[in-house]
Amino acid sequence: MKKLNEGLPAMVPTFPVNVAGQELTLRFDTNVNKTKKGVKLQFVLSNPPQDPRELQNLANEIGTELQKKFGEAGLQIMYDVENPYKNVIGFLLPLTSLADHLVKDVIKSGAEEPKKKEEEAPEEEPKEELPTKPLAEQIKLLDLFKSL
C-alpha cells in the first residue's frame with residue numbers, strides 16, 4: 001500500500017485538526033470515481049498504527065464523531081473503503097448531500113424542494129361557464145349568426 005505524500009500542491013486545502021483525541025492533518029480533495037461524486041476528507045496520520053485493527057478502531061472513532069457532527073448539520077458522511085493510502089483514514093461527503101445542504105441551509109432564497117408526484121395538486125378540469133342570458137335570447141342570437 002502506498003503512502004500519501006504530504007508535499008501537497010498549493011490548491012489542495014489542508015488543516016491541522018484534533019479528532020477522536022488525535023492530532024491529524026485534514027486534507028480535502030474531490031473524488032475521481034464517477035459513481036461516488038463528492039468531497040474527500042482525508043485524515044493524514046503522521047505515525048499510523050502498524051496493527052490494522054488499531055487503524056480500524058481509530059477510523060471507527062473518527063467516523064462516530066463525524067457522523068454526529070455532520071448529522072447535526074444535515075449532512076451525510078461515509079467511510080472511504082477504497083482509500084489506497086496506509087497513512088490516511090478517508091471519508092466521503094457525497095455531492096448530493098452537500099448540494100442539498102447548500103440549497104436548503106445556505107442559499108435558501110427561492111429554493112424549494114422538488115414536489116413529489118403524490119403531493120402535487122391534481123389538475124382542475126376546466127369549468128364550463130353557464131349561460132347568463134335567457135334561453136330565448138340565446139336562440140335568437142344563434143339564428144342571427146346562422147343567417148350571416
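**Figure 1. Salt bridges of the predicted model.** The structure contains four salt bridges, a salt bridge being a side-chain nitrogen of Lys or Arg within 4 Å of a carboxyl oxygen of Asp or Glu. This is a predicted model, in which local features need pLDDT of at least 70 and side-chain atom pairs count only at pLDDT 80 or more, while totals for chains, interfaces and linings use all residues. Residues are numbered from 1 along each chain as its sequence is written, and side-chain values use heavy atoms, with hydrogens and water left out.

**Figure 2. The salt bridge between Glu-82 and Lys-36.** The closest N and O atoms of this pair are 3.3 Å apart. Glu-82 lies in the loop between β4 and β5 and Lys-36 in the loop between β2 and β3, so that distant parts of the chain, 46 residues apart, are linked (helices, H or I of at least four residues, and strands, E of at least two, are DSSP runs numbered from the N terminus). Glu-82 is partly exposed at 48% relative accessibility, and Lys-36 is partly exposed with a relative accessible area of 27% (buried means under 20% relative accessible area, exposed over 50%, and partly exposed in between, with a 1.4 Å probe and protein chains only).

**Figure 3. The salt bridge between Arg-27 and Asp-29.** Here the closest N and O atoms are 3.5 Å apart. Arg-27 is buried, with a relative accessible area of 8%, whereas Asp-29 is partly exposed at 25%.

**Figure 4. Aromatic pairs.** Three aromatic pairs are found in the whole structure; rings of Phe, Tyr and Trp (its six-membered ring) pair if their centres lie within 6.5 Å, with planes under 30 degrees apart counted as stacked, over 60 as edge-to-face and the rest as tilted. The rings of Phe-15 and Phe-28 are edge-to-face, because their centres are 5.9 Å apart and their planes stand at 80°. This pair joins strand β1, which holds Phe-15, to strand β2, which holds Phe-28, across 13 residues.

**Figure 5. The largest nonpolar core.** A nonpolar core is a set of buried Ala, Val, Leu, Ile, Met, Phe, Trp, Tyr and Cys residues joined through side-chain atoms within 4.5 Å. Of the 18 residues in this core, Leu-41, Phe-43, Ile-62, Ile-89 and Phe-91 touch the most other members. At least two residues each come from β1 (14–19), β2 (22–30), β3 (38–44), α1 (52–72) and β5 (88–94), and α1 gives the most, with five residues.
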